[in-house]
Amino acid sequence: MTPRVERPVSVLVAMTVAVVLMGAIVGMVWGVLTPPTTGVVVRGLTPELVTTDFGGVAAFALTMFGYGAAAALIVWIAVRAWRGVVGFLVPVLGTVAGSAVAAETGMWLAGMRFDDDVTALPVSSVYEVAPELWLEGGTSAGYSSPWILLICAPFAFAIVYLVCVLSARTADLGVGDLPDDPFAEPAGAELTSGDAASRTRL
């Protein structure tokens, strides 16, 4: 008989919301620790002409990789009953939303630390502004897609979750929803001579 495992949807939803909120916390950490975008003020410089340094963007990408990996481990441990396809897809979408929240929260906090008005600074002085994470063609290396940093956390989440799946010792991934003996006869079933012969061959 297959064991019945309770899978409350509210638990999965609550964990996904927690993953998104985790993104906000990670974004704050990035906003506090990230290096600013720096440069030298030239005549006619405007905020739109300031290009984003790679340092702040790289720091955010690495932070998102760590965020995705940690989220995968937490989901795997905390939502045991939902291990599987659904338990993977819903939280991994949560990391996408969490990455967007992290970017907005982090840029807001970094903006409080580095708020130089490049138009008010004298020529040849050094400015410090918050890194722009949406990368709308504003990097010194050239064109970049604004969504590119949103895939770091889901990618790390998928890799760590896959490792957890491959490391599971049982086919049910530890959920406990498979019968203890797949060859056991249902209660009250009669064993025929043909069944006995087939089992002997097995």
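Thr-38 stands opposite Glu-128 in strand 2. The exercises below start from this pair. The model is predicted: local features need pLDDT of at least 70, side-chain atom pairs count only at pLDDT 80 or more, and totals for chains, interfaces and linings use all residues. Residues are numbered from 1 along each chain as its sequence is written, and side-chain values use heavy atoms, with hydrogens and water left out.

**Exercise 1. The two strands**

Task: State in which sense strand 1 and strand 2 pair, and which faces of the strands are covered.

Solution. 

Step 1. Helices (H or I, at least four residues) and strands (E, at least two) are DSSP runs, numbered from the N terminus. Strand 1 covers residues 37-40, and strand 2 covers residues 126-129.

Step 2. Two strands pair if DSSP finds at least two bridges between them. Here there are four bridges, and the sense is antiparallel. Besides the pair of Thr-38 and Glu-128, Thr-37 stands opposite Val-129.

Step 3. In a regular strand the side chains alternate between the two faces of the sheet.

Step 4. Buried means under 20% relative accessible area, exposed over 50%, and partly exposed in between (1.4 Å probe, protein chains only).

Step 5. In strand 1, Thr-37 and Gly-39 make up the covered face, while Thr-38 and Val-40 make up the uncovered one.

**Exercise 2. The whole chain**

Task: Give the order of the elements in the protein chain and the percentage of its residues that count as buried.

Solution. 

Step 1. The secondary structure comes to five helices and two strands. From the N terminus on, the order is α-β-α-α-β-α-α.

Step 2. The chain has 202 residues, of which 36% count as buried.

Step 3. Accessible areas come from the Shrake-Rupley method with a 1.4 Å probe; for residues, only the protein chains shown count as cover. The chain exposes about 11800 Å², and carbon and sulfur atoms supply 67% of this area.

Step 4. Contact means heavy atoms within 4.5 Å. Among contacts between residues at least 6 apart in sequence, 81% join residues at least 24 apart.

**Exercise 3. The largest nonpolar core**

Task: Find which residues touch the most other members of the largest nonpolar core, then list the contacts of Phe-157 and Thr-95.

Solution. 

Step 1. A nonpolar core is a set of buried Ala, Val, Leu, Ile, Met, Phe, Trp, Tyr and Cys residues joined through side-chain atoms within 4.5 Å. The largest one has 33 residues; Phe-60, Met-64, Tyr-67, Val-75, Leu-133, Leu-149 and Phe-157 touch the most other members.

Step 2. Helix 1 (9-33), helix 2, helix 3 (85-113) and helix 4 each supply at least two residues of this core. Helix 2 gives the largest share, nine residues.

Step 3. Not counting residues up to four places away in sequence, Phe-157 touches Gly-68, Ala-69, Ala-71, Ala-72, Val-75, Phe-88, Pro-91, Val-92 and Thr-95.

Step 4. Thr-95 is found in helix 3. Its relative accessible area is 0%, so Thr-95 is buried. With neighbours within four places left aside, the contacts of Thr-95 are Val-19, Tyr-67, Ala-71, Ala-153, Pro-154 and Phe-157.

**Exercise 4. The nonpolar surface patch**

Task: Name the residues of the nonpolar patch on the surface and the element that gives the most to it.

Solution. 

Step 1. Patches are made of residues with over 30% relative accessible area and no salt bridge: like charges are joined within 9 Å, nonpolar side chains (Val, Leu, Ile, Met, Phe, Trp, Tyr) within 5 Å. A salt bridge is a side-chain nitrogen of Lys or Arg within 4 Å of a carboxyl oxygen of Asp or Glu.

Step 2. The patch is formed by Leu-62, Phe-65, Phe-155, Ile-159 and Val-163, together with about 490 Å² of accessible area. Helix 2 (54-78) and helix 4 (152-167) are the elements that give two or more residues to the patch.

Step 3. Helix 4 gives the most, three residues. Ile-159 has its place in helix 4. Its relative accessible area is 42%, so Ile-159 is partly exposed.
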